[in-house]
Amino acid sequence: MHDPIVITGIGILSPLGIGAAESAAALREGESAVLPCSRFAPPPGYAPLCGEVPPFRVEEYLLAPKAYLDRNSELLLAATGMALRQAGVDVARLVPERAGILVGTAWAGQDTMAAFFADYVQKGPRLVKPFLFPHTYFNTAISLAAMEWSLRGVHQSFASGRLAAGQALVEACDLLADDEAELILAGGCEALGPALFRTLAAQGLLRPKGDEAAPGLVPGEAGVMLVLERQAHARARGATVLATVLGTGLSRGTGTGLDALADAGGSGGPALPAGHADGQVMATDGPGRMAASAIWCALQQAGMAPQAVAGVCVSANGDAAVAAAENAALQQVFGTRLLARLAPATLCGDTQGACTALQAALVVLQSAGAPVLVLTTEADGSSVALLLRAP
Amino acid sequence: MNVVGGHTARLSAAFASGVVPGRIVVTGLGAVTPLGLTVAETWRGLLAGADAITPLELFDLGGMNCTQAGQIRAFTPLPALTAAGVRDRASGFAAAACLEALTQAGWLPVGGTAAATLPIALVTATNFGALDHGETALVGEAPTATAAGDLTAGVTAERIAAALGLTGPRATITLSCAAGAAALAYGAGLIRHGRAERVLVVGYDALSRFAWSGLCALRTMAKDCVRPFDLNRSGTIFSEGAAALLLEREDACHARQGTALAELLGWGTNNNGFHITAPAPRGAGSAQAMRQALARANLPAEAIDHINAHGTGTKPNDTTESQAMADVFGTHLPRIPVTSIKSSLGHMLGAAGAIEAIASILSLRDGIIPPTTHFTTPDPECAVNLVANQSRAARLQVVLSNSAGIGGCNAAVIFGKVV
C-alpha cells in the first residue's frame with residue numbers, strides 16, 4: 001500500500017465498557033467482564049454467564065431521535081457516532097458519496113425477528129407489525145447508520161459468522177486502496193438477547209448450568225466501529241492517527257493459490273522461513289493451514305517478515321477447534337517464538353460477528369510501536385488476519 | 001513466462017501493491033427460478049415473455065391479501081444436502097444453481113454432483129437466508145439444532161461449500177434486494193485484490209411465512225401481475241429461487257482452457273442515506289451506483305448498450321429509477337433499451353441482482369433482450385426506451401444491471417461482450 005491506511009477513530013461498546021478510555025482501563029485491569037446476565041434470563045439448564053455491554057444511552061450519539069431501535073442497531077449506531085466523534089469527523093463537511101460504511105454481524109436483530117414472528121404465530125399474519133419488518137433485515141443497522149450520518153458511499157453488509165466484521169475491515173482497506181472512498185467506517189455489532197440465547201442453546205453451543213469448566217460458548221455482545229482512511233486524507237484534515245493497517249489477509253483454501261503465495265517469498269516479497277518457500281508446508285499441513293495462509297497474506301501485504309511481529313490478538317473463544325487452528329497457524333508462521341498475546345474473548349465472551357472489530361480496537365488501545373497481529377478464526381479454520389501498528 | 005507462472009508473479013505483486021491487474025470474466029451460470037430449474041429454461045421463458053406468477057401454495061395465507069407469488073415447484077434438492085439433514089428450501093435452490101454454474105464452467109462433469117475439492121471462493125447473497133426453516137426456531141417450543149442454525153444467514157455458504165467441495169474463502173452478503181449485485185461487486189474485489197482467483201457468487205432466497213407476512217405488510221405488492229414502468233403499475237410480486245455466476249480471473253480461466261461468457265467490467269455499491277424503505281429523490285443513490293460502476297469500468301455513459309433495470313413495478317421505484325437513468329445517461333437514454341425481467345419472474349429478493357446479471361450476460365451472448373411484459377400504458381414519469389412485451393434483437397457490447405433494496409441499498413454491475 002503506497003499511501004497507508006490508518007485508523008483515526010474508534011467507537012467501542014463492549015463488556016469492558018463504553019468508549020475507548022473505559023475499555024482501555026478495563027483491559028489494563030484484566031478483570032473479566034463475563035458475569036451473570038442481567039437484562040434477561042438465559043434458557044434454564046444453561047450457565048447464565050455472558051459478556052454484556054454496560055448500560056448506555058444511544059441518544060447521546062445520534063443526530064436525531066428514533067422511534068424504534070433494537071439492541072443490535074443501538075450498538076452499531078452508538079459505535080458509529082462515537083467513532084466519528086473521536087475521529088473528529090464533521091459529517092457536514094464530508095462528501096457523502098465518498099464516505100462509506102461496511103459492517104459485519106452474525107445474528108443481527110434476533111429479538112426483533114422473534115417479536116415480529118410472535119405476532120404472526122399468536123395473532124395471525126394480518127396482525128404483524130409493519131414497522132417491525134424493516135428492522136428484521138440483516139442490513140437494518142448498517143442502513144440506519146448510513147441514513148443517520150449521510151454515509152452514501154460504498155456499502156456492504158456481511159453476515160459471515162465470526163469472520164463478518166473481519167471481512168468488513170479487509171474489504172474497507174481494499175476499497176480505500178482502490179480510492180473508492182475517502183473515509184470508511186468499518187466494524188461489527190452483535191447483540192445479546194433471549195432469542196439469541198435460545199438459538200445458541202438449541203445448537204448445543206452453551207455451557208450447561210453448574211459446570212462452568214465445561215466446554216462451550218460464553219456469548220458476548222459489542223458494537224465496534226473504526227474510522228479508516230488513507231494517511232494523506234487523515235493528515236489533510238488534521239486527524240490523529242491511532243494506528244496504521246500494515247496488512248490484511250483472508251484465508252485461502254486448498255489449491256487456491258497457496259503455492260503462489262509462498263512462492264512470493266522468492267520473487268520480491270519478504271523472506272519466508274525455511275520450509276515455506278516451496279509452498280509444500282502450507283499445502284499439506286492440517287490444522288491451522290488456512291489460518292496460516294491468512295497471516296501470510298497480511299505479512300506479504302505489509303512487506304514484513306514474521307520476526308517483526310511483536311504480539312498477537314487471538315480468538316480464544318473456548319472452541320477447541322478454533323484454538324487448535326490458531327495455535328497451529330501461529331506455530332507454522334512464528335515457530336516457537338513467544339508473542340505477547342491478547343485474548344479479548346476471555347474477558348468479554350465471544351462477540352461473534354463483531355469479534356474482529358473488537359480485537360482490532362483493543363489492540364490499538366493497548367499496543368504501541370510494534371506491529372501486532374489480529375487473528376480471528378472459525379471452527380473450520382478459515383480466518384481473517386490484520387496487522388496493525390499503533391504509533 | 002507461461003500463464004501459470006504469470007499467476008504467481010501477479011499474485012506476488014498483488015500482495016505488495018494491493019491489486020492484481022487483469023480482467024475478470026464470467027465462466028459459469030446457474031439458475032433455479034419460477035420459470036425453470038436451469039438457466040436455459042429460465043432464459044427461454046424470459047424471451048417468450050412467460051409469466052411465473054401463480055397462486056402461492058407454500059403455506060396457509062391466513063387471510064393475507066397477497067396471494068400471488070413466483071413459487072418454485074417440483075424441485076428436488078441435491079442429495080448431499082438432504083443427507084446432511086438440511087431442511088430449508090433456500091439452501092437447496094442456492095446449491096443447485098451453484099452446481100449448474102460449476103458444471104457449465106467445466107469444474108464439474110455434466111451430471112456430476114460434487115468434487116473432492118474445488119479451489120473456488122464462495123460468496124452467498126440473501127435477504128432471509130435459511131429462514132424458511134429457521135422461522136420455526138423463533139417462537140414456540142424449543143427449536144431443533146438445525147432450525148436454530150438456520151437463523152444465521154451465513155449457514156447456507158457452509159452447506160454449499162461442504163456439498164460441492166468448495167475450499168476457498170466464504171462470505172455472506174446481506175444487502176437486502178441489492179445483495180445479488182453487491183455480492184458480485186464483493187467477489188470482483190476479492191479477485192482484483194488477489195484474495196481469490198475464482199469466486200462463485202450466488203444470490204438466493206425462499207419464500208416463507210415470516211418473509212411473506214412482512215413483505216405483504218409493506219403494502220408494495222400487486223394483486224395480479226408486475227407491470228414495470230407502466231402508468232397503471234400497482235406494485236411488485238415476490239418470488240423465490242437462486243442465481244449463480246462463477247467469476248474467474250481471465251488468465252486463470254485461460255490457464256485451465258475455460259470459456260469466458262462475458263467480462264465483468266464494472267461494479268458499485270452504496271446507500272441512499274435517506275430512508276429505510278422509500279427511494280431517494282430522483283433515485284440519487286441508484287444514479288451514484290451506476291456512476292460508480294461506469295467509473296470502475298472506465299467507460300462513459302454512452303458506452304452502455306442496454307440496461308436491465310431493477311424495475312420492481314412499484315410507483316416510487318420505477319419513477320425514481322427512470323429519473324436516475326435520465327440523470328446518468330442524459331441524451332443517450334432514449335437509444336438505450338431498458339427492460340425489467342421482474343415482469344416475468346417476479347422479484348427474486350436476494351437472487352434478483354444475480355438473475356438480472358445472468359439475463360444481461362445472455363442478452364450480450366445472444367443479441368436479444370427479454371421483454372418487459374404486461375406493459376400497456378406508458379408513464380410520462382418513466383421516459384425510458386422500454387423493451388415492451390416482445391423480445392428485441394440488438395447488437396450489444398456493454399450492458400448494465402441495476403439493483404436496489406430495502407434500507408436504501410444500491411448496487412450496479414456492468415458486463416462486456418467477450419470477443
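**Domains and contacts: questions and answers**

Biologist: How many Å separate the centres of domain 1 and domain 2 of chain A, taken over C-alpha atoms?

Modeller: Residues are numbered from 1 along each chain as its sequence is written, and chains are lettered from A and ligands numbered from 1 in the order in which they are written. Domain 1 of chain A covers 5–243 and domain 2 covers 247–389, with bounds from an automatic or database domain assignment. The distance separating their centres is 24 Å.

Biologist: Which element gives the most to the side of domain 1 of chain A that touches domain 2 of chain A?

Modeller: In chain A, 46 residues of domain 1 are in contact with 32 residues of domain 2; two residues are in contact if their C-beta atoms, placed from the backbone, lie within 7 Å. Elements supplying at least two residues of this side of domain 1 include strand E1 (5–14), helix H1 (20–29) and helix H5 (164–177) of chain A; helices (H or I, at least four residues) and strands (E, at least two) are DSSP runs, numbered from the N terminus. With seven residues, the element that gives the most is H5(A).

Biologist: How many residues of that side of domain 1 of chain A are nonpolar?

Modeller: Ala, Val, Leu, Ile, Met, Phe, Trp, Tyr, Cys and Pro count as nonpolar, Asp, Glu, Lys and Arg as charged, and the others, Gly among them, as polar. Of the residues on this side of domain 1 of chain A, 14 are polar and three are charged. The nonpolar residues number 29.

Biologist: Which element of chain B has the largest share of the side of domain 1 that touches domain 2?

Modeller: Chain B is divided into domain 1 (25–255) and domain 2 (266–416), whose C-alpha centres lie 21 Å apart. Their contact takes 60 residues from each of these domains of chain B. Strand E1 (24–32) and helix H8 (179–192) of chain B are among the elements that supply at least two residues of this side of domain 1. The largest share, seven residues, comes from H8(B).

Biologist: Which element gives the largest share of the side of chain A that touches chain B?

Modeller: The contact takes 70 residues from chain A and 67 residues from chain B. On the chain A side, 33 residues are nonpolar, 30 polar and seven charged. Eight residues, the largest share, come from H3(A).

Biologist: At what angle do helix H3 of chain A and helix H9 of chain B pack?

Modeller: Residues including A:Phe116 and A:Tyr120 of H3(A) and B:Phe210 of H9(B) make the contact. The axes, lines fitted to C-alpha atoms over the stretch in contact, are 10 Å apart. H3(A) is roughly perpendicular to H9(B), a term for angles of 65 to 115 degrees. The packing angle is about 90°.

Biologist: Over which residues of chain B is the pLDDT below 50?

Modeller: Chain B averages a pLDDT of 93, and 95% of its residues score at least 70. Where pLDDT is low, the predicted coordinates should not be read in detail. In chain B, pLDDT is below 50 over residues 1–16.

How values were computed. This is a predicted model: local features need pLDDT of at least 70, side-chain atom pairs count only at pLDDT 80 or more; totals for chains, interfaces and linings use all residues. Axes are lines fitted to C-alpha atoms, for helices over the stretch in contact, and angles run from 0 to 180 degrees between N-to-C directions. Angles under 35 degrees count as roughly parallel, over 145 as roughly antiparallel, 65 to 115 as roughly perpendicular and the rest as oblique. pLDDT is the predictor's confidence in each residue, from 0 to 100.
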